[in-house]
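I opened my notebook to look at how the parts of this chain meet. My notes follow the display.

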Amino acid sequence: MEQNRKINWKDLGKRTAGTIAIPLLFFVVLFSICLGNGRMLISSSAGLISFLVSVTTITITTMALSINLNSGRFDFSLGSMSVLAMILSSKIVYPLLGGGAGSAILMLLFSVIIGTVLGLISGGIYCLLRIPPIITSLAITLIFEGISFTLTGGSYVMDEVRGSSMSFFFGQWWAILLLLAIAMAFVIFMFDHTSFGYRYQSLRTGQKLAVNQGIKEIPNALACYGICGGLMGIVGFLQAGITTSVNGGSLNFASIAIMFTAFLPMFIGGYIGRFSNDKLGYFLAGLSMGMLNAFFSTFHNEIDVSVQSIINAVLLVLFLIYLANEQKIIGWFKKLFSKKNHAPAEQN
Amino acid sequence: MKKLKNATLLLSALGCMTLASCGGGKGGTTAAPKIGVLVADVSGEEAQAFRTYMTEYVAKQYGATIEYTTALENAADEKSAIEDFAGRGFDAIISMSSSDRAAQLATCVQNKIYYTVGSGMLDDKVYETYKGNEYFLGQIGPSMQTEYEAGLAMGQYYKAKGVDHVGMYGAFIPNPMHVFRAAGVIVGLGDTYGEASEMGAIVGQIYADNGIQQAKIGGDVTVDYMAGFDPTTTYSTLGSIIGSGIDAFLSVGMATTFFSQNLNDAKIPYGDIDAFTSSNGTNMSSGSLNYLAGKYASSLGPVYALIANAKNGHSIRDAQGNAPSISQSYAVATSSEEFTALAAKESGDTRIFSKEVLDSMIGDSVTYDAFVEAVQKERI
C-alpha cells in the first residue's frame, strides 16, 4: 500500500513540465518582447477585462468544438448558434428589463437555454437525417444565420445589449472568472464524473464496441449537441458584452469564423491534455491565446488585423507539423544534446 | 373568311390600345425601374438608413423594384452580383461597394445594365474612361475632397476645444473615404503625417504605408491611433487608449456602432462621420457624442432619379455627353438640438429628397443644369 502511495517525482515533474510548458513559453516570449519595447502586456483595467473575456471565450469555444469533434462530428454551426442565441435572448430580455438591473444575468441565462435548444435542434437534424454532420452543420449554419438576419433586418443589435447592467457585468473581472470557472466545472463534471460522460468516452474511443454493449448513441449525441449549444450561448453573451453589439448581418457562413478561433487552442489543449486533463489543457491553451491577443493589442500599430491572422495561421501549421513529427523532432533534439554532452569527453 | 378578317381587326385594335396604354407622362414610358444595390456593409447604422429609404420610401412611392445584395467581400462577389442582377432582367446597379469599381463598371457595360455610384466616387481615371459610356449614368455623393474636408472640420472642431491628446479610429483604411477623412483629421488637429501637412502628400503616404503609422503623426496634439476591427483585440486597444487620458476620441467612421457604449461610459467626448440615426441621437442626448458629420439617408434619392430618367430614355448628360459627377456635402451636428432639427427632416415619410423633390428631377424636360442645381441646392 505504501509503495502505491509513493509519489513518482520523475513522472510528476514530466507531467507538470508538459502541462505548463506551452503557456510558460508564450508568457516568456511575449512578455520579453513587450519588456524589450518598454510596454506592458496588459496596461489597463479594460485591457484586463478584455484579456479575461478573450481567455474565457476561447476556452469555452474550444471545449464546445472538441466535444463533438473528438467524436468525429464536425460542427460548423457553433458560431451561428452563439449569434442567434444572443439575439433571441436580448430580444426577450430587453422589453422586460430595458437593460436595467438584472438584465445581464437574465440575458446570460436565456442565451444558455436558447443555445441548448438550438444545439438540440442541430443534433436532432443530424440524428434524423443520418448524413455526415459536416454537411448538416453547414446547412444548419445557413438556417441559423438566415433567422438572425431576418430577426434583425441585417443590422447590429445594439440598444438591447447595452445598458447599465451589461456595463456593470463587463466591468467586474471576478464575474468573468466566475463564469469561466462554472463553465469548466460543469464540463469537467459532466464528461469526467457522470455515467453520461463515461458513455461518451466509451463511444468516442470505440463506437462499435460501445453500441454492442448497449450504449445508446443517439441520446448521447443529442446531449453533446445540447451542451455545445449551451456553451455557445455563453460565448454569444460574452461576445455581445465585449463588443457591445451583435452583428445580425452575418450571412454566407460568416459566423464560422467564431469556430475557427478554437482550432489552434484545441490542438494545443489536446497536447497538454496528454500530461494532465484535456479540459485543463483547453483552458491553458485559451490562456496562451489570450496572451497572444493581448500582445497583438499592445502592438496594434505595428501588427494589423491581417498580419495577426497570418501569425495565428502560421502558429497552427507549425504546431500541426510538430504534432505530426513529434517523435522525429524529439529524436533530433536527443541526438543533438547527446552529441554535445559527449563532445568534451572525446576531447579529454 | 369574314370571321377571320373581323378577328384580325379586333386583335389589331387591341394591340393598338395596349401600345397606347404603355405611353403617357412627359417622357413616354413610365415603367418603374428594377434596381440592384451592391453593398459591402449591411449592418452599419448608415447602411441601414440608406436601405430603409430606398426599400421603404422610394420603392413604395414609385413602385420600383429595389433589391440589395448580401455583404459583398471582394471584387469577385461584386462581379457575380452584377451578373446575377443582369441575368434577372434588372435595369440598373447602384454601387455602394467599392472593392473594384472599374471591374464593376466593365461588368455592367458587358452585361448592358446601367451603372451608378451612390456612395463615394470613382477614381478619376475610371471616370474619364467611362464618362461618355451610355451605361454609366453618373455618380452622386461626397467626393474625396469632401471626405477630406469632413475630417478636417472635425479635427478643427476639437483643436478649437483645446485638446492636447486624442484617440483616433481609422476604421477600415485603406478604404479611400476613410483615408481621406483621416488625412483631414490629422491636418485639422494641426498635426502632420510624415512631416507633410497637405492632403495629397498625406494621402499618398497613407496608401504607401497601407495604413497609418502612429510614429509618423507629429505635432502639438498627441494622437493614439487604432484601426480595423477584431473583437478579440480591438476593445483591449480601445481600453488602453481610453486609459491613457485622452481629451477626445475622433473617428472617421463606425465608432458610433462599435464603441459608443465604451466611450459614453468613460464620458470621453467623441466625434464620428456616420449618419443621422436614432441611436446617434441617443448618443448625443445622453451619451458623450458631441460631433457628428453625417449623410442623410435620402441623399441617395438623386441616384434613383438618374436611373428613372435613363429608364424613360432620357439619360442626364452634360453638353459634351458626359454622365454627371456631383459632390454632396455632409451635415454636421454638435449638439442634441442641432441633431434633432436635422433628424426631423429625415424621418418616416418626411424626407429631404421627398417624392415631390424627386418628381421635379425626373422627366424629359429636366436638363443637366437643372438636375445639378436640384442636387446641390441647400436643403439642410
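**Notes on the domain interface**

I began with spacing: the C-alpha centres of domain 1 of chain A and domain 2 of chain A lie 25 Å apart. I kept in mind that this is a predicted model.

I then looked up the bounds. The domain assignment of chain A puts domain 1 at 45–261 and domain 2 at 263–340.

Next I turned to contacts. I found 22 residues of domain 1 of chain A in contact with 15 residues of domain 2 of chain A.

I looked up the buried area too. Between domain 1 of chain A and domain 2 of chain A, about 1500 Å² is buried. Carbon and sulfur atoms give 74% of that area. Which residues of domain 1 of chain A lose the most area to domain 2 of chain A? They are A:F51, A:I58 and A:T62, together 27% of what that side buries.

I checked for charge pairs. The rule finds one salt bridge across the interface of the two domains. I also noted that A:D192 forms a salt bridge with A:K279, with the closest N and O atoms 3.1 Å apart.

Polar contacts came next. I noted six residue pairs in polar contact between domain 1 of chain A and domain 2 of chain A, both residues at pLDDT 80 or more.

Last, I asked what builds the side of domain 1 of chain A that touches domain 2 of chain A. Helices α3 (45–69), α8 (173–192) and α12 (256–260) of chain A each supply at least two residues. The largest share, ten residues, comes from α3(A). I sorted the residues of that side by type: 14 are nonpolar, seven polar and one charged.

How values were computed. Residues are numbered from 1 along each chain as its sequence is written. Chains are lettered from A and ligands numbered from 1 in the order in which they are written. This is a predicted model: local features need pLDDT of at least 70, side-chain atom pairs count only at pLDDT 80 or more; totals for chains, interfaces and linings use all residues. Side-chain values use heavy atoms; hydrogens and water are left out. Domain bounds come from an automatic or database domain assignment. Contact means heavy atoms within 4.5 Å. Buried area is the accessible area (1.4 Å probe) that two parts lose on being put together, summed over both. A salt bridge is a side-chain nitrogen of Lys or Arg within 4 Å of a carboxyl oxygen of Asp or Glu. A polar contact is a pair of N or O atoms within 3.5 Å; within protein, one must be able to donate a hydrogen and the other to accept it, and residues adjacent in sequence count only if both atoms are side-chain atoms. Helices (H or I, at least four residues) and strands (E, at least two) are DSSP runs, numbered from the N terminus. Ala, Val, Leu, Ile, Met, Phe, Trp, Tyr, Cys and Pro count as nonpolar, Asp, Glu, Lys and Arg as charged, and the others, Gly among them, as polar.
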